[in-house]
Amino acid sequence: MALVGVAVIGGLYSLYSLPRAEDPGFTIRTALVSAYLPGADAVRVEHLVTKELERAFHEMPEVKETVSESRRGVCVIQVEVYHHYTDLAQIWDELRHQIHKRRDDLPEDLIGPIVNDDFGDVYGIVIGLTGEGASHAELHDIAEALEDDLLVLDDAAKVQTHGVQEERIFVEFAHERLAGYGLTPAYLGETLDAANVIAPGGHVRIGHRRIELEPRGDYVSLEELRKTAVFLPEEQRTVFLENIADIRRGYVDPARTKVHVSGEEGLAVTVSLREDGNIMRLGEDVRQLMQTWQKQYPLDIQFEILAFQPDAVETKINEFLSNVLQSVLIVCLVMLLFLGARVGLLVATLIPVTMLATFTIMRVTGIGLDQVSLASLIIALGILVDNAVVVSESIMVYMGEGMKAVKAAAKTGHELWAPLLTSSLTTAAGFSPIYLADSLAGEYTTPLFQVVTISLLCSWGIAHTFTPLLCVRYARPYTKDSEGKGFQEKVYRVYGKSLIVMLRHPKSVVGVTCCLFALAVAGARFVPITFFPPSDRATFTCELEYPEGTAIEEVEAGVKAVGEFMRRKLSMEKDAVDSAGVINWGAFIGEGGPRYILTHAPEAPRPEYAFILVNTTSPKHNDRLMREVEAFCMRALPDAAVTVQPVQMGPPVDRPVEIRVSGQDKETLLAYAHRIKQELRETAGARQVTDDWGGRVPVFRIDVDQSRARRAGLTAQDIAMSMHTHLDGIALTNYREGDELIPVILRAVDRDRDALAKLENLQVYGLRSGRSAPLSQIADVRLAWQEGKVLRRNEQRTVSAQADIANGYTARQVVGRIEPWLESLDWQPGYSYEIGGTVGESREANRAILAKVPVAAFIVFILLVLEFDSFRKTIITLLTIPLALIGVVIGLLVMRSYFGFMTLLGVISLSGIVINNGIVLIKRIGIEMDENGYPGPEAVVRAAQRRFRPILLTAATTIAGMIPLYVGGGPMWEPMAVAIAFGLLFSTVLTLGIVPVLFGLLFRVDFSEMRLDRLENHEDHA
């Protein structure tokens, strides 16, 4: 009782204090490596940077895969390590060491490489910040103040602000004015750089002290910059800089990234949870801060919640706790109906005690409350009552034979501790492939194995301690009267007669069972297959991807158009009670936004891309709203590839359908991709077919005539520097404002930079010679087309043909239709294809699970052999597993559900439950033959009838416990509940018949003379 008291108190405390999360999560074993080579096109970046880095990374045995993107001036490589590595910090240190070793092989002017090993951090709280009439600088100041407040919260790890525009001081010149003063941009830059210095000036000794001299010439105001004296060599006089150039304060132009909040330009402040932090406490702290912020700042400053993981966690946990409570009540009700009030209450006490003990151990082992761990408790509910049912029934039967209560409990414990332990361990072993699988999906569902195993072992321990104690004190012995008429009870007689008929025709029974199994296998192809279902969040996403080279201003215009459409047509009516529509949205332009949930893989920053996160009033409205947004984008944004979809669950994928073609020659790859895209367009279910390379982009190529350039005293470097200064500008020095350094940029005025016609007349200045000449005199300008980006996977160029899925279809169906065509293609040596997307991830996850099934099967086999000391009994038990598949297929077809990763886990888990039934039945046959001395035929029938009620009760409680999981578990758990419920229903019915039949066949038991009345005449106890 003391131990039970400890379990109860510890469980209640643990239930309150266990960390909570929507999902158990998994570790993102990916680092992002970025490097910048200004001026180099995509192919040169690939050859000079990407290839060298990829070779270095693949020398590391921990690296599983590299995926790279080479664009003009930019190289981005995702480095993924194998799943079984856990010490990622050491691996990322080795990655940096590999980069350092290759530094001499990389271009001298390369910026980076920079390793981002925080790529997997989740920023579950995203707050949009806007202000009507407020400048960007004012919003930035507010965001910085919020960052300071958020960082001091106990549960906050990191805070980032998205959409910040970097400030610049622009010094803009007109060539005509410079020429009038006889100056060059280079001379102007040298003047500013020399004037703005902080340098040591030495020291002097005065008496016994040395005093430092501090010459300062740095700018402390824009007025000082404007009044910079510029010496005119030709006129031998000085003028102020403001007389030569226009000086203004602004932001990086063009912007690198931007954020819009519900249609207004703003910022997004994101917060991540510290390791072992409490997400609910963090959410409460942030809410309190938001109330303070709103009071502190004017009403024009608005704070909008774009993503708030604490709310999602609270909703999901409350839903599942409700499901657990409903399952407990349903299971208790089933036991009361099956066992009667007294016995039912005795067994029912096991459930809360076991669950509270499980919570205690979960806290000790670091397992938190999330939808997977709580669903595991629901799955385990029906199984764990079996221990108490078997123990309590055995005690009461012995008491009915005249045995003292204490002796009956002792005999039961001695007789059943090993079989029930084996039964619990084999059931847990059925879940072990989930725990052992080397995949993100397997890691995500690991709590299934952990929680089920903990609860079963707790149930076994309590069933052999607490349950006997209650039985000794409160149980009444079983007698014929207490059970009605013993085996003559109607249901027992029906089962007994049916069983004897089957035992007399074993080959027919086995044949019919095999036919049912064959029909189930045949019917499985009609079950839709989906890896992971969409999330049931009231959120969806919209991605806009424009052709490579598109200006970010064009992308921003597209985002504004989408936002205006949602504001006019789809926004929730604020005054309406039952309004359905869009609440708010956040648009991240030029980037993929924060990883607001674990399954979102943000795109690397690039100007052609935008990500919009849309919050709605209810998930049931998502489909309609998504269709309307997509239809608008198709009409209004013809140049953009648009993907509108609900929030995805499971490991992230780019597009549902993806066929990757790998090789080296670009033209051959693109030809293969073109043929695949044509085939996809003709495949039912595929839509919005595209590829991830995109088209070529235009570029003005400057072909320098070296002889003419030399005669003019100019070099190719002079041309590049002059053009860069003229168009983009060069950083001369820094303007210091408080603790900020703002670069001072020298460039041409707008009218010169944006005038393409003036390009040929651009003055090129010699850095060394001091001479100048128009660009047209020393170079030819021509329009050329080149690759916008080059994508590689595992050191091979890879083009992915991609498609979305039409309503009513699945990715599996589309891939299944095109895969035979892919296999029939004439693939050249060195070229191959690979299925990616949803189907590829599904196959990888399933392979990882199925690869561990033999390990689980071996563990089960050894446990069964040790328990039975018989290979034949072990084989009989294992042959019951396929029986469950019959019910699984029937259930999925009848309930119009699908087969996904969670369904596969349900089937694997079901095998452990089915084996449990086989163990208790076969073990009872042995007891009837060896200990009670009944001949084989009577022993088989008697054991089947003796275990009839416990097996049915286990099935009934497990199936009943699945009802709340099916109704309220959401789209992810519905198919698993269907698979377990229907699989267990059919396997139980078949097990009660096929196990005795197989036992009779393998042990050659003759049932030809067996009659039910003979069994009843010898019945002396029930």
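Strand β13 (residues 258-261) and strand β17 (residues 582-589) pair in the antiparallel sense over four bridges, where helices (H or I, at least four residues) and strands (E, at least two) are DSSP runs numbered from the N terminus, and two strands pair if DSSP finds at least two bridges between them. This is a predicted model, in which local features need pLDDT of at least 70 and side-chain atom pairs count only at pLDDT 80 or more, while totals for chains, interfaces and linings use all residues. Residues are numbered from 1 along each chain as its sequence is written, and side-chain values use heavy atoms, with hydrogens and water left out.

**Strand β13 and its partners**

Within β17, Ile 589 is the bridge partner of Lys 258. Strand β13 also pairs with strand β14 (residues 264-273), again in the antiparallel sense, over three bridges, and there Gly 266 is the bridge partner of Val 259. The two strands β13 and β14 form a hairpin with two residues between them, and Ser 262 in the turn has a positive phi of about 50 degrees. In a regular strand the side chains alternate between the two faces of the sheet. In β13, Lys 258 and His 260 point one way and Val 259 and Val 261 the other way, and all are buried, buried being under 20% relative accessible area, exposed over 50%, and partly exposed in between (1.4 Å probe, protein chains only).

**Strand β7**

Seven of the seven residues of strand β7 (residues 167-173) are buried, so this strand is largely enclosed by the rest of the structure.

| Strand | Partner strand | Sense | Bridges |
|---|---|---|---|
| β7 | β12 (residues 246-251) | antiparallel | six bridges |
| β7 | β24 (residues 740-748) | parallel | five bridges |
| β13 | β17 (residues 582-589) | antiparallel | four bridges |
| β13 | β14 (residues 264-273) | antiparallel | three bridges |

**Nonpolar cores**

A nonpolar core is a set of buried Ala, Val, Leu, Ile, Met, Phe, Trp, Tyr and Cys residues joined through side-chain atoms within 4.5 Å. The largest such core has 133 residues, and those with the most contacts inside it are Phe 303, Met 335, Ile 351 and Trp 973. Helix α13 (residues 371-400) contributes the largest share of this core, 19 residues. Taking contact to mean heavy atoms within 4.5 Å, and not counting residues up to four places away in sequence, Ile 351 touches Val 328, Val 331, Cys 332, Met 335, Leu 381, Leu 384 and Val 385. A second, separate core of 37 residues includes Tyr 492, Ile 925, Ile 951 and Phe 999.

**Selected helix residues**

Gly 891 lies in helix α30 (residues 881-894) and, at 0% relative accessibility, counts as buried. Not counting residues up to four places away in sequence, Gly 891 touches Val 978 and Phe 982. Arg 924, in helix α31 (residues 901-930), also counts as buried, at 6% relative accessibility, and with the same exclusion of residues up to four places away in sequence touches Glu 415, Asn 932, Ala 943, Arg 946 and Arg 947. Gly 10 is found in helix α1 (residues 2-17) and is buried, with a relative accessible area of 18%. The C-alpha atoms of Gly 10 and Leu 356, which are 346 residues apart along the chain, are separated by 7.3 Å.

**The chain as a whole**

The protein chain contains 35 helices and 30 strands, and its C-alpha atoms fill a box of roughly 130 × 75 × 65 Å, taken along the principal axes. Of its 1022 residues, 55% count as buried. Among contacts in the protein chain with a separation of 6 or more, residues 24 or more positions apart account for 79%.
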